[in-house]
Amino acid sequence: MAEKPEQKKFDLETLLRVLKLALPYKKVAALALLLAVLLAPLAIARPRLIQKMIDDYVFVGDVEGLTFWAFVIAGLLIVEAICRYAFIYSSNWLGQSIIRDLRVRVFKHINSLKLSYFDKTPIGTSTTRTISDIQSINSVFAEGIITILADLLSIIAVLAIMITTSWKLTLICLTTMPFLMLASYIFKEAVKKSYQQVRTQIQKMNAFLQERITGMRIVQFFNAEKQERESFAEINAGLRKANINAILYYAIFFPTVDLIAAASLALMVWWGAQDVARAGGVTLGALVAFPIYINMLFRPIRVLADKFNTLQMGLVAAERVFAVIDRTDQIENNGTIAPKRLKGEINFKDVWFSYVGNDWILKDLSFELKENETLAIVGSTGSGKTTITNIINRFYEYQKGDISIDGVPLRDYDMYALRSRMAMVLQDVFLFTGSVFDNISLRDPEITHDQVISAAKMIGAHEFIEKLPGGYDYDVQERGATLSMGQRQLISFVRALVFDPDILILDEATSSVDPETEGVIQHAIEKLMDARTSIVIAHRLSTIRNANNIMVLEKGEIKEFGPHDELVELDNGRYRELYEMQFLEMSE
Ligand SMILES: Nc1ncnc2c1ncn2[C@@H]1O[C@H](COP(=O)(O)OP(=O)(O)OP(=O)(O)O)[C@@H](O)[C@H]1O
């Protein structure tokens, strides 16, 4: 994905929108702000008091007065430390609370988006939006806006006290300011650019690793380790270079600022020392306090450029997160009918569907399924079999024609109620990290252990689950990698059965299993389809033969439709051809 907004100038609109996120935490935000305002005069009070002590007490020899003011300074130091702690804690608490809310909001929103969004958006992008981009928004609060404000306030406060102490000395100190400004500007731009490079390299590395780790089998099998190692080394070198560039700028900038500060100090001492001697010139106390002021003036300026970059990067991230939140291609769910049970009569009438534009994948489809009937869909790859199931469960919206279930148009149903009466078993079984029980119940609190066990028994999966270490509590690793294909399929069958759907959508796996497992799976499928309407993308001859009707699909059109015995009789029939070439062979 092109990350072009990075080049944009400061975006006030996004900043305001980010600030609005703090509304639920008004009080903490106000506290952080108040502390920022308080900290500036607190910090400058110390050198001012030292100045006073030297001028009014040291020369007079008033030890009692000196002790008193020393205690005042100590007291102020403690107050400042407490305030600084409270400031850091509250601004970070604010940032973290805001991003916690935002993560929930983004996750919820991503969940509600149409599947077509995920067709177009790489997985990595969705994860980046919910994790690292949102994390960067924290910096807008914790390191950005409030600290920048605190720094600016302290600069103003220091300048004010410097000018009131001696405007001449202040002017002398400020003569180096243009150099500092120039250095800061150059640094800010250079660092921004190198951080962009770092980000690009990190993104590259993430994408590379994600793909290679997922496809590790292929990498190892085709002995591609060497090439992959070389590609990785190249990306890794790029990341190192980008990081070193960024560090280099810091290494140049910070000493440069120190140098400019030292020049200021030298000028001040040179001029100040002469001025002390003059009548009406600066006092000795001021001369002692000024180096501290200079330090206080340069320290925030030194980090300000950096913080401004952080703020800007936070805003760029915020803009990307908002772009996800603002997406309106959510699933429309305007239907209200929510039946407890369905009969499962499905009717397609002149249905047309395309994923993109006018590239029709399903063309003028009409067919009917009665209660408890089974329809087997067969056809060559890409003919649109999966697509039919995708529009029945409303993963995608069809464009023309009508689909109804039990005589009610699909869109009049509440989508969640409708889906709760359907179950889907996919060819590529997806298991989540968690126990076998959780993978079957999908953490639905209404599903009991007994229900799961009795469903597993019906399917014929109970035996093998019992034998797993821990049985139903067996910890399934990511995507079920530690289970065999057949075992994963059986678990997905139990998952479907336990929800006791009225309509079953089944994409039969093409992978062949040993004859014994095949027998178990065949039995499981029969159990699953028993007494409910089923649509099966069929690959097993037994399933096809037992189906009430077979649909032969070709390029999105129905070529033949009818029961096995009828279709197999058709001269030059497509089904007959498929049957003789494929299914008979498979069943041998
Ligand atoms: N999400 C999608 N976005 C765009 N086009 C898609 C999408 N999914 C499928 N297609 C296209 O739609 C057509 C039908 O795909 P579909 O998955 O329905 O075929 P299929 O008959 O199930 O194939 P197979 O037997 O290989 O699974 C294909 O040309 C495919 O490229």
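Q: Which residues does I459 touch, not counting residues up to four places away in sequence?
A: In this predicted model, I459 belongs to the largest nonpolar core, where it is among the residues with the most contacts. Leaving aside residues up to four places away in sequence, the residues that I459 touches are L490, F493, V494, L497, A524 and K527.

Q: Which helix gives the most to the shell around the ligand?
A: The residues that surround the ligand include D119, Y355, V356 and I361, and also K385, T386 and T387. By class, this shell has three nonpolar, seven polar and two charged residues. With three residues in the shell, the helix that gives the most spans residues 385-392 and is α11.

Q: In β2, which residue is the bridge partner of F348?
A: Strand β1 (residues 346-354) and strand β2 (residues 360-369) run antiparallel and are joined by six bridges. Their hairpin has five residues between the strands, and in it G357 takes a positive phi near 50°. Within this pairing, the partner of F348 in β2 is F367.

Q: How far apart do the end C-alpha atoms of residues 247-273 lie?
A: UniProt, in an unreviewed entry, places a "transmembrane region" at residues 247-273, among other spans. The span is 100% helix and 0% strand, and its end C-alpha atoms lie apart by 39 Å.

Definitions and conventions: Residues are numbered from 1 along each chain as its sequence is written. This is a predicted model: local features need pLDDT of at least 70, side-chain atom pairs count only at pLDDT 80 or more; totals for chains, interfaces and linings use all residues. UniProt positions are given in the numbering used here, feature names are shortened, and annotations may be inferred rather than shown by experiment. Helices (H or I, at least four residues) and strands (E, at least two) are DSSP runs, numbered from the N terminus. A residue is near a molecule or strand if its C-beta atom, placed from the backbone, lies within 6 Å of it. Ala, Val, Leu, Ile, Met, Phe, Trp, Tyr, Cys and Pro count as nonpolar, Asp, Glu, Lys and Arg as charged, and the others, Gly among them, as polar. Two strands pair if DSSP finds at least two bridges between them. A nonpolar core is a set of buried Ala, Val, Leu, Ile, Met, Phe, Trp, Tyr and Cys residues joined through C-beta atoms within 7 Å. A residue is buried if 20 or more other C-beta atoms lie within 10 Å of its own, exposed if 12 or fewer, and partly exposed in between; C-beta atoms are placed from the backbone. Two residues are in contact if their C-beta atoms, placed from the backbone, lie within 7 Å.
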